[in-house]
Amino acid sequence: MKKKILFLSIIVLLIIIVIFLTILSKEEKNKTKHITKNPTNYLTIQDEEKNKTIKLPYTEPTSYVTIEEFIYATVDDPNSDSISNQVIQINRENGKYKAIFHSKYPVAATQGLKADKEWIIWVDGDDFGENNTLYAFNELTQQTISFGSTDDKISKEFPEI
């Protein structure tokens with residue numbers, strides 16, 4: 001009889017430990033969902049050619065290109081969970097910037113910036129590299145257009161102009 005009571009006590013104790021660990025695990029996951037990036041972590045760009053430092057309220061870019069008087073970069077809002085969620089245009093002379101594209105995905109991976117003297121292209125997709133849409137921005141007209149999408153995963157090979 002004592003062995004049965006001891007055995008049942010051990011089983012009950014193990015069940016309590018498993019429930020406790022499960023609850024702790026869920027609480028830890030919920031905590032990480034609400035972590036926000038520090039908005040004081042500014043992106044700093046050192047433009048050596050112009051001998052200027054540009055400070056922007058974004059996190060590090062996943063890709064960037066320079067075309068004459070502008071720098072284009074795929075960046076992330078400091079309070080976003082994305083890898084990068086927008087494309088910005090930065091004036092190299094005065095440091096002013098503007099967003100030319102903002103992703104529709106809640107956890108975005110906007111990246112793969114390529115450029116020539118007139119066009120800037122990039123891929124926008126979700127964080128898993130799927131549901132990708134190809135975009136282009138024309139420097140002359142200041143217009144952004146979408147020119148197709150794919151369900152294929154894009155992980156390293158980005159479109160070329």
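How many salt bridges does the structure hold?

Modeller: This is a predicted model. The structure holds 3 salt bridges.

Start with D47 and R92. Their side chains meet in a salt bridge at 2.6 Å, N to O. D47 lies in strand β1, while R92 sits in the loop between β5 and β6, so this pair ties together parts that are 45 residues apart in sequence. Both ends are covered: D47 is buried, and so is R92. For R92 the relative accessibility is 4%, so R92 counts as buried; the cut-off for that class is under 20%.

R92 has another partner. The side chains of E49 and R92 meet in a salt bridge at 3.7 Å, N to O. E49 belongs to the loop between β1 and β2, and R92 to the loop between β5 and β6, so the pair ties together parts that are 43 residues apart in sequence. E49 counts as exposed, at 68% relative accessibility. R92, as noted, is buried at 4%.

Then comes K50 with E93. Their side chains meet in a salt bridge at 2.7 Å, N to O. K50 is in the loop between β1 and β2 and E93 in the loop between β5 and β6, so here too parts that are 43 residues apart in sequence are tied together. K50 is partly exposed, with a relative accessible area of 29%. E93 counts as partly exposed as well, at 45% relative accessibility. Shared partners join D47, E49 and R92 into one network. As background, side chains of opposite charge can pair when their charged atoms come close.

Stay with the loop between β1 (43-47) and β2 (52-56), where N51 is found. N51 is not a glycine, yet its phi is positive, about 55 degrees. N51 is exposed, with a relative accessible area of 65%. E68 gives another such case: a positive phi of about 45 degrees, again without being a glycine. E68 is placed in the loop between β3 and β4. At 52% relative accessibility, E68 counts as exposed.

Now return to the loop between β5 and β6. K96 is placed there. K96 is exposed, with a relative accessible area of 60%. Leaving out residues up to four places away in sequence, K96 touches Q89, I90 and N91. K96 and L56 are 40 residues apart in sequence but 9.0 Å apart in space, C-alpha to C-alpha.

Follow the contact to Q89. Q89 is in strand β5 (residues 86-91). Its relative accessibility is 5%, so Q89 counts as buried. The side chain of Q89 makes a polar contact with the side chain of Y72, at 2.7 Å. Beyond its neighbours within four places in sequence, Q89 contacts a set of residues including F70, I71, Y72, K98, I100, F137 and Q142.

The largest nonpolar core has 12 residues in all, among them F70, Y72, I100 and F137. Its members also include V65, I67, V87, F101, L113, I120, W122 and Y135. Strands β3 (63-67), β4 (70-75), β6 (97-102), β8 (119-124) and β9 (132-138) each supply at least two residues of this core. A second, separate core of 10 residues includes I45, I71, A73 and V75. In soluble globular proteins, nonpolar side chains tend to be buried together.

Take I100 from the largest core. Neighbours within four places in sequence aside, I100 is in contact with Y72, V87, I88, Q89, W122, F137 and T144.

F7, L8, I11, I15 and I19 form a nonpolar patch on the surface, with about 490 Å² of accessible area together. L8 is found in helix α1 (residues 2-33). At 52% relative accessibility, L8 counts as exposed.

Last, the whole chain. The secondary structure comes to 1 helix and 10 strands. From the N terminus on, the order is α-β-β-β-β-β-β-β-β-β-β. Buried residues make up 36% of the 161 residues. Of the contacts between residues at least 6 apart in sequence, 37% join residues at least 24 apart. The accessible surface comes to about 10,800 Å², and 57% of that belongs to carbon and sulfur atoms.

Conventions
Residues numbered from 1 in each chain as written. Predicted model: local features only at pLDDT ≥ 70, side-chain atom pairs only at ≥ 80, totals over all residues. Heavy atoms only, no water. Helix = DSSP H or I, 4+ residues; strand = E, 2+ residues; numbered from the N terminus. Buried < 20%, exposed > 50% of the residue type's maximum accessible area, 1.4 Å probe, protein only. Polar contact = N/O pair within 3.5 Å; in protein donor to acceptor, adjacent residues only side chain to side chain. Contact = heavy atoms within 4.5 Å. Core = buried A, V, L, I, M, F, W, Y, C linked by side-chain atoms within 4.5 Å. Patch = residues over 30% accessible without salt bridge, like charges linked within 9 Å, V, L, I, M, F, W, Y side chains within 5 Å. Areas by Shrake-Rupley, 256 points an atom, 1.4 Å probe, with all protein chains shown as cover. Salt bridge = Lys/Arg side-chain N within 4 Å of Asp/Glu carboxyl O.
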